[in-house]
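Work through the exercises below with the model open. Each task is followed by a stepwise solution.

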Amino acid sequence: MKGENMENRVEEILREIMELDDDLVLTDDMSAESLEEWDSLASMQIVLTLEKEYAVKFDYEEIISMETIGDIKRVLANKLEKKE
């Protein structure tokens with residue numbers, strides 16, 4: 001799964017975990033500061049779901065760098081590139 005498909009799937013995962021309204025437009029600069037549903041538990045669920053779905057393992061540095069939706073997409077894309 002590459003590019004736009006991966007980005008769309010990440011957004012679907014975020015919507016599912018945080019139970020976000022389908023009408024809410026997600027942007028890459030959104031973070032825990034702009035989404036009240038994005039708490040520490042949601043952050044861990046996002047990481048675990050991505051690891052399971054994409055068969056990857058994020059290290060500590062990657063996890064703490066996932067501060068925005070764009071960061072999550074970037075870290076996952078980099079991880080998938082290394083996996084190929």
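This is a predicted model: local features need pLDDT of at least 70, side-chain atom pairs count only at pLDDT 80 or more; totals for chains, interfaces and linings use all residues.

**Exercise 1.** Which residues does K79 touch, not counting residues up to four places away in sequence?

*Solution.* 
Step 1. Residues are numbered from 1 along each chain as its sequence is written, and side-chain values use heavy atoms, with hydrogens and water left out.
Step 2. Locate K79: helix 4 holds it. Helices are DSSP runs of H or I with at least four residues, numbered from the N terminus.
Step 3. Apply the contact cut-off, heavy atoms within 4.5 Å. With residues up to four places away in sequence left out, K79 touches V56, K57, F58 and E62.
Step 4. Check accessibility. K79 is buried because its relative accessible area is 17%. Buried means under 20%, exposed over 50%, and partly exposed in between, with a 1.4 Å probe and protein chains only.

**Exercise 2.** Find the backbone atom that the side chain of E51 reaches.

*Solution.* 
Step 1. Start in helix 2, where E51 is found.
Step 2. The side chain of E51 reaches the backbone nitrogen of F58 at 2.8 Å. The cut-off for a polar contact is a pair of N or O atoms within 3.5 Å; within protein, one must be able to donate a hydrogen and the other to accept it, and residues adjacent in sequence count only if both atoms are side-chain atoms.
Step 3. List the contacts of E51 beyond four places in sequence: V56, K57 and F58.
Step 4. E51 has 10% relative accessibility, so it counts as buried.

**Exercise 3.** Describe how helix 2 and helix 4 pack.

*Solution.* 
Step 1. The axes of helix 2 and helix 4 (residues 69-83) come within 12 Å and cross at roughly 30 degrees.
Step 2. Helix 2 is therefore roughly parallel to helix 4. The classes are under 35 degrees for roughly parallel, over 145 for roughly antiparallel, 65 to 115 for roughly perpendicular, and oblique for the rest.
Step 3. Name the contact residues. Helix 2 supplies I46, L50 and Y54; helix 4 supplies I72, L76, L80 and K83.
Step 4. Sort them: six are nonpolar, none polar and one charged.

**Exercise 4.** Which residues other than glycine have a positive phi?

*Solution.* 
Step 1. E19 has a positive phi of about 50 degrees. E19 sits in the loop between helix 1 (3-18) and helix 2 (40-54). At 71% relative accessibility, E19 is exposed.
Step 2. A55 has a positive phi, near 50 degrees. A55 lies in the loop between helix 2 and helix 3 (60-64). At 57% relative accessibility, A55 is exposed.

Note on methods: Helices (H or I, at least four residues) and strands (E, at least two) are DSSP runs, numbered from the N terminus. Axes are lines fitted to C-alpha atoms, for helices over the stretch in contact, and angles run from 0 to 180 degrees between N-to-C directions. Ala, Val, Leu, Ile, Met, Phe, Trp, Tyr, Cys and Pro count as nonpolar, Asp, Glu, Lys and Arg as charged, and the others, Gly among them, as polar.
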